[in-house]
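Thanks for coming. I'll keep this short. Have the model open and follow along.

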Amino acid sequence: MIEAPETWLPTAIAGLVGLSLAVAVVATAWPRQAHRIGLFGALAVFAWVLGLSALFVAAGPEAEAAATRVALGGWEAPLGLMLHLDGLSMTLLVLTAIVALATSLYSLGYIHDRIERRQFWPLWLWLWAGLNMLFLSGDAFNLYITLEVVSLSAVALVAFTGTAAAVSGAVRYLLINILGSLSFLMGVVLLFGEHGVLDLVLLEARSEAGPTERMAAVLMTAGLMLKAALFPLHVWLAPAHGSAPAPVSAVLSGLVVTGSFYLLLRLWMGVFAPLATPAFGILIGLLGVAALIWGSAQALRAGRLKSIVAYSTVAQFGYLLVAFPLMLVDPDAWRVVVFFAVVHALAKASVFLAAGTLQHAAGHDRLAELGGVLRARPRTVFALGLAGVSLMGLPFTGGFIAKYLLLEAGLGTILAGSVIGVLWVVAIAGGGLLAAAYVLRMVAPAFHRGPERAGEAVSPWMDWVPLGLATVAALAGFAGTLTLHTLTLTPGAP
Amino acid sequence: MDGGWLLLAILFSSLGPGIAIFFLPEHRHRLRITLNLGGAGIKLALVGVLLAGVLRGDEYQFSLPLMPGIDLVLAADALSLLFASLSAVLWFVTTVYAIGYLEGSPRRSRFFGFFSLCVSATVGIALSGNLITFLIFYEMLTLATWPLVVHRGTPAALRAGRLYLGYTLTSGLVLFTAIVWLTLLAGAEGFTPGGYLGDLSETHALSLQVLFVLLMIGFGVKAALFPLHSWLPIAMVAPAPVSALLHAVAVVKAGAFGIIRVVNDVYGAELAIELGLTAGLLVVAAFTIIYGSIQALRADDLKQRLAFSTVSQVSYIILGVALAGPLGIIGGLVHLVHQGITKITLFFCAGNFAETLGIHRISELNGIGRRMPLTMLAFTLGGLGMIGLPPLAGFVTKWHLGLGALEAEAHWVLGVLVLSSLLNAAYFLPPIIRGWLGERREPWHEPLRDHAGPTRFETHWMLLFPVVFTAVLGLAVGLFSGLGLSPLGWVSLIVQRDYSLPEFSL
Amino acid sequence: MTAALLLTVPLLPLMLAVLIGLRPGRTRLNHLVPWVALPGLLLAAFAPPGLEASIDGLLMGTQLALDPTGRAFLALTAGLWLAAGLFALGDRGQDPQRHRFYVFWLLALTGNLGLILAQDALSFYLFFALMSLSAYGLVVHSGKPEAWRAGRIYLILAVLGEVLLFAGLVLAVHAAGQSGLAAVAAARPEGWALALLVLGLGIKAGMLPLHFWLPLAHPAAPVPASAVLSGAMIKAGLLGWMRLLPFDATGHMILGELLVALGLTAAFLGAVIGALQVRPKTILAYSSISQMGLMTTGIGLALLLPEVRGWLLAAVTLYAVHHGLAKGALFLAAGMQDQRPTGPLASRLFALFVLLPAAALVGAPLTSGAVAKNVLKGPLDAEALPGWLAHTELLLTLAATATTLVLLRFLWRWRAGLQAPIEGLDHSRWWAWGSLALMALLIPIWIVWTAPGALPAEVHDLFGFSLLWPIALGLGLGWLTYLCVRDRATPRLPEGDLAILMEAAWRTARHKRRSLALPPPRPRRIPARLRGIRLLWRARLEAAERVLTRWETIGLLFASALLGLYLTLLP
Amino acid sequence: MNGLAELAHTLAPGLLYPTGGAILFAMGLYGLIRRHHLVLRILALNIMGSGVFMVLLGVAARGEGPPDPVAQALTLTGIVVAVSATAFALALVVHLTRLTGHAVMLPGPPDDDAPVEDISREEHHADGGPAAPHPDQDRNP
Amino acid sequence: MSLLLVIFDLVLLAGIIGVAWRCLASTDLFRAVVLFITFGLLLALAWVRLEAPDIALAEAAIGAGITGALLLVTLERLRSIMAERHSGRPHTPPPDPSGPHALLRALHDPPPERHSFFPALIFALVVGSLLVTALWHQPQSTGLEPVVDAHMDVSGVDHPITAVLLNFRAYDTFLELAIVLIALLGAWSLGRHDLIPARPAPGPILPGTLRLLVPVAIVTGVYVLWAGSHAPGGAFQAGAILGAAGILLVLARPRQLPMAPGIPLRLGITAGVALFLLVGLYGLGAGHGFLGYADAWAYPLIILIEVAATLSIALTLVALFVAGRPAGDDA
């Protein structure tokens, strides 16, 4: 006798939070076995998330009632805290699970020193738990806390290598994160002062286009823009991501930044939805275009492999910004944005992992001197290229589907009579070209004629995981329909 | 047997081995050769089965939802079979040639991996059932060919690769935009003979015109239409099998095939004429024909000359399509095959010269006919075929194009054909004459291929046989063009099925 | 069966060509070269009338047939190639490159035989092209600069001819709606189609303004090649005309008049320029132009006089056969200068074999020339032609005078080039030459005997005052000229008249051609200046990013983001 | 007197303290922009944070009844979070100073084209000499 | 009365803002830190005025106390590092602690440049005034106080803040504990504590004071913890007080820290989180929801969690003060 999936869903959601926390706590308490705990924990959480998503989709709720809300400790909002699972968070949870599992496997090979392992794994598991909680949180203040969990552990991981560049990047990252968090918190406080509740659903129901909401929106948006490294507040990203250990860079660029963006999206689709004005859309869109150009230009300039990848994140997030004005015209476009973010996260993570393998083998990641290693490691270069193709938005990858949908939305705005839509379309289409240029910069040395130099030996994990993840990113195109369907199961969203 | 799975099997018969080859260690050359030839052979057989099926009138379709409302559609009609069989046959040959060509050189796993990806993409293009699927494979082709272009790894090769990517990716984006736009306007329809945009011609005439231009820019780069052709001659730095592939089968043909699809199966010839689109295309194609020929005449490097010749010859296909009448389309479509066979022969020959004797320039060709008679013979057949002399393949094309031009009452096109033939003769006859009748005083620098050792033939047999085969094929398709299964017969079938063919056929 | 029979004729030489090409070392194969023409001759001689076949699978539908005109041309062609082939066996015996010569020889032979049998536009074009292009190999065979030059001009004109013919055929076939030659002609090509056909075929036939490849190519080619070029191949153009031009009850006045005018001009101009030449083969080449002029006149007349077109066309055919054989013999004679025998009988034969075809050409009684000329002029007695055309017959007669002069000049120059008598003659050459020369006598007998193809030839056609007086006039003029210029240098015109002008024009253009040549296909490096700019931009971008990274910038940007967002959010 | 009472009513803690908090927040932002030393920046951030808490508590104290316990709980949480972040930031600053020799933010993308392995990974866990100081700073002393 | 209070409020706020301003404008870091500690104390006063004694306690203990200690020890470390680099002799106390240049670089921040003054000022003013505007527009809502009040009887404790912290919003509190732990993990991942220079506290006064202070602190801590269930106080304040005692201990013997054993230390710092999580998971299994308690068990469980949390917080704060991870942790 199997009960209906709906009945299991709340337990499964809370269980996911509990499980990921438990893994982190156990690893913290027993650092000697942290990597084993991490591995099994990663597998368990991954399996749990997959099971949860199966439950969620199988529950097949109506789009309007799809959010499953779990009252923690039995206390309903507004008194208590609610976990909140809908199509959007489900999608991002699955994304997190995939990237995090890959990163965990990769880290098995990457972090080999015994002492390093003891430090790395607990922090990493906390980060993952924080991300899971972030995506499940349905309470404004709790979002602040989970953001802090994520940022503190992320900063610690950035500084992990202990080099001057890493620590310097970490300090900047931390200060900016604190600034962003405080700004976000100020917004939360304003909202609380106005409405006296913290639960997002309640807030959404009560919010209107008033001055408090406007100021809160400004503060929270700006704070999250800082955290999501949206142009022109992106400058912390390249140093931090460029000098972090490879798996950390992968998670940062793939998930952490996406997490902040998720929050932005969630807020603007819910609480702040009444505020949006066309001018706002255009401003954000223009910032997006600028991000595309600036990030790409910097990626074309940067001399280090990981810097290029990091700046590519800045550029790719430009797409997400460009999508804002599209969403004002076509509210359905938000699903496209999320799909794009998902695909980007997968691709970016695999690029970073591949870059990490190359850096490890060569002992550095200066592009000019990397040719020999690139030539000797075709498998890694292939992963780099495959994920790069996804970034460019070329078929057969998920990036293509995402780009297609974005372009469709952009052209839709033109057809709807928006003149500035031309700019968005040009940016969306042209961005791929810039991406191609910097991906080519990374891959091309592998094709130069010259000696091969395998460099230091790398573990099989580091050899194969990037390729596997890149393949997932490429095949994500086939998951387009499923993802978009899942995303429709988000109440409140148009 | 379920039709869709056959199409998938055709696709995977090269994709599978390709991916397997990527992960083969460099020294497993026997296994690699087995995979290569096995894949190519299986593909050939499967295409044969499909051919028989389509001839019987069976329907083949496979579709996979990609996005809401948008499917990945593979379908086999007579037109796709034309291109698919061409690629399958020529691919087999090129694979043999490439194995011989690259024997003993490094990085073969990478090369053959991408090589197989290329054929998969090409076959995918052939079997695409709608524009989006077409685009997917089209872009895949761009990416899969780039590693081949830069395979040598010299600075020149990398620059060429950069240029190639620059051109093709930009055009790909234009195409992408245009296709999304079109899909927004008309929905993700499958290719329909006679087009599916008829309903829109009243309301969206201007949009359709702009879209057509965008689509032509998108396809025109690969098809090397006039202002967009510069990458092609420069991409000549690639190894000979790659050039052969770029020019004969994959890349330029993909562009041309796209134009054929758009004109015939998206817009439909009638709508295209009504909107005044074919006239412009005709002028561009005609200009490209002449321009390419003149540039070819100026080139001394053999491969460069062949490249410009491709620029010129591919526009024959487009010319035929732009004539938009049954005979013109027959001419254009049949040239798709004929040009492929002929040009691949020529590039193989150029590769043989370069690889066996280190000859790259036309001025060095003197007397090569005595050293490599079979290759030179093949070159001669290819060159004469390009000029359009009977009974070679090129003649059949030119004949139909000429008749098609008259049928479309574009008499000036005949003048273009005449002029182009003269120019073709002017640049193909000199190397032929030098090869057979020129005197060489100093001895040949040979053997360049020390590792290959002495052979019974004028060069490595894997280099020679493909050349001979394609040359004979080029002769045969022209000589026996009256048969039903010849390319001409097949193309007539296509046109008969899709268009009302006038009373007589020639 | 019929198809196989008809196909054998052109395919046999083709197969031999392939064999020789593949196995150049096998000298025994070379001995077969002359004999592959034999089936053609046999077919012409013994085939039942009305032989035809169509092969659908071949080249969009091929039709082959042997009609009476074709039979005559086939006989001429096969015979001449056979004889010349025999001659070539001897002539090329010591040539290290002879297998190459034979390959081209056989390919040209294939084309020449095939085009006679072809009855549809495509296969006609196919064989025509094959012949023209392969003959190039014969022209340049010697590899001397002179040969290359001649070859170049030959090739340019040949290709031009091909292309024009192609365009003409396309137009004509489109108008006719089908590709059979008879149908095309029946549909009366007009306008562009007609002009293109006349020009395309006219180049091959040495028609007047496009004749200049002949005097260059013939002397440059080896002797047997010259013989077939002049004897058989240029007749292909003529045959094409006969097949494609609108010879029906309507005729074609304009074209007819044009052709008559061109033909007569060529007849005289060719002779005059020929007489001013030095080298025997050049003189013969101009003579060929002159003679082709006469045949062109015949074609023109056939268009002008539709009622007697059958007669006239038959006459032109006869003339073609006669001229082909005689000219072939004379060309071979030019290759016999080193074969002057010592014995008295042989010496007489030597003289006879050169004089006999010469006499035939001028139309001396009892020779083939006499029949040909008389038959050609036959219908003109009865018909009155308008305007200046009324004098056509007189002009045709006077042409014999010009021919006499040219041939006198030939004989003079030929004799001057004779080498010392030798022992040990080359029998194959002698046989070939002799048999061709004797044809000048045998053909009229045969014709009068059998009147093939209902040819209106009678015995009295072998005589006639109108044949004799122009010859006498010519001899007289020749004598006078000889007296005048005996001690002085002969006035001469450069070989290839118009070609000289064109070459001069080409040479001036050539100066510019060097700069026209494309550089080798290297993608250009980015120019240094641009690279500098790129470096500069990199530095600037990095500096800009540094500025953005400064804390105060971050803070200010954050604050301005706050402000900007606030402003845009204001309703 | 009436006016004063009204003023007093207007300037109730529920309004006054949030205003003060806003001022502190803005001041912290100003300090963050203007000051260079990392410790000072951390102080500025803490002042900003205090501003936020002041707003929160002020908001909680609005109205007639007892103050909102939820807001106070949130503030408590916030304070602990702030001290944790501060402690970690200070640890980082010390570490950075140990590595580079100064406690100000490096300018620009410090990673680009600069050798990354100049400080070996071993030094992270074992004892190692301090690295060479970076040549440039984001200001001239 | 209310006028007086308003005046008090205004003076207090002016003081707070003034101190903050001086702190931010100070070029001498030591001075800035001292001002910041003053700022924290003033804030505590303000919290009291806002009827938030819990927060005031926490501010005094954590905001001013612990943060101040952390800042001071950081300054000390920076100075030491600078001096060390300057002298070029590692791990020896510098001969002149107030050496001119090293000190200048480490503990002195020159006044900011002029060019960013106006933009920064304007932006700060604009942001501040926008905030104020928004705040002044807000209604006089009572927040969640009535709701909390209505549920106090089932919360298991009497003090509403503790009820919110450990029952209604236990998840937040759990994560807060986690954040403290993560900050420590982060600090530990940077390196070992013995790589961080420290100076022995001068003189015999400190050890002497310690003997007196530590027992008092422990007693106070336990009391605060216990009081938390019904009156102002609780785990964080208690942890902070205990932590302060620990910090004093550390200060007394900075060079010879006891060789902290790895496993118990780890267990200690994770005890609070682990126990909290265990209880939470039990709640999930028992059907009260994640982090939920059966009504009857609420009080003991809360107390249990608070005890563990206090222990962990105290340990963690001390560890954060020490900054590097103990050698025992690597074993």
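This is a predicted model: local features need pLDDT of at least 70, side-chain atom pairs count only at pLDDT 80 or more; totals for chains, interfaces and linings use all residues.

Take α11 of chain E, residues 262-286. It has 25 residues, and at 1.5 Å a residue it should span 36 Å. The C-alpha atoms at its ends are 34 Å apart, so the two values agree.

Now look along that helix. α11(E) carries a kink of about 55 degrees, and the kink is centred on Ala271(E). Then look just past the end. Gly287(E) follows α11(E), and its phi is positive, near 95 degrees.

Step back to the whole of chain E. What does it contain, helices or strands? Twelve helices and zero strands. The pattern along the sequence is α-α-α-α-α-α-α-α-α-α-α-α. Chain E has 331 residues, and 56% of them are buried. Take its contacts with a separation of 6 or more: 74% of those join residues 24 or more positions apart.

Chain E also splits into domains. The assignment gives domain 1 as 1-111 and domain 2 as 156-331. Where the domains meet, domain 1 of chain E puts in 17 residues and domain 2 of chain E puts in 18 residues. On the domain 1 side, that is eleven nonpolar, two polar and four charged.

Next, the chains against each other. Which pair shares the most contacts? Chains D and E, out of eight pairs of chains in contact. Here, 80 residues of chain E touch 75 residues of chain D. Several helices of chain E give two or more residues to that side, among them α1 (2-25), α2 (29-49) and α5 (117-136). The largest share comes from α3(E), with 16 residues. By type, the chain E side has 54 nonpolar, 13 polar and 13 charged residues.

Some pairs do not meet. Chain B and chain D have no contact, and their closest C-alpha atoms lie 23 Å apart. Chain B and chain E do not touch either, with nearest C-alpha atoms 38 Å apart.

On to chain C. Its assignment gives domain 1 as 1-246 and domain 2 as 247-503. The centres of these two domains, taken over C-alpha atoms, are separated by 22 Å. The contact takes 41 residues from domain 1 of chain C and 46 residues from domain 2 of chain C. On the domain 1 side, four helices each supply at least two residues: α4 (68-91), α9 (191-204), α10 (213-220) and α11 (223-244) of chain C. α4(C) gives the most to that side, 13 residues. The domain 1 side divides into 31 nonpolar, eight polar and two charged residues.

Last topic, the nonpolar core. In soluble globular proteins, nonpolar side chains tend to be buried together. In this model the largest nonpolar core has 837 residues. Which members touch the most others? Val158(A), Ala323(A), Leu346(A), Ile318(B), Leu57(D) and Leu92(D). The largest share of this core is 22 residues, from helix α13 of chain A, residues 333-362.

Pick out Leu346(A). What does it touch, leaving aside neighbours within four places in sequence? From chain A, the contacts are Ile98(A), Val99(A), Gly398(A), Leu469(A), Val472(A), Ala473(A) and Ala476(A).

That's the tour. Questions, please.

Definitions and conventions
Residues are numbered from 1 along each chain as its sequence is written. Chains are lettered from A and ligands numbered from 1 in the order in which they are written. The expected span of a helix is 1.5 Å times one less than its number of residues. The bend at a residue is the angle between axes fitted to the seven residues ending there and the seven starting there. Two residues are in contact if their C-beta atoms, placed from the backbone, lie within 7 Å. Domain bounds come from an automatic or database domain assignment. Ala, Val, Leu, Ile, Met, Phe, Trp, Tyr, Cys and Pro count as nonpolar, Asp, Glu, Lys and Arg as charged, and the others, Gly among them, as polar. A nonpolar core is a set of buried Ala, Val, Leu, Ile, Met, Phe, Trp, Tyr and Cys residues joined through C-beta atoms within 7 Å. A residue is buried if 20 or more other C-beta atoms lie within 10 Å of its own, exposed if 12 or fewer, and partly exposed in between; C-beta atoms are placed from the backbone.
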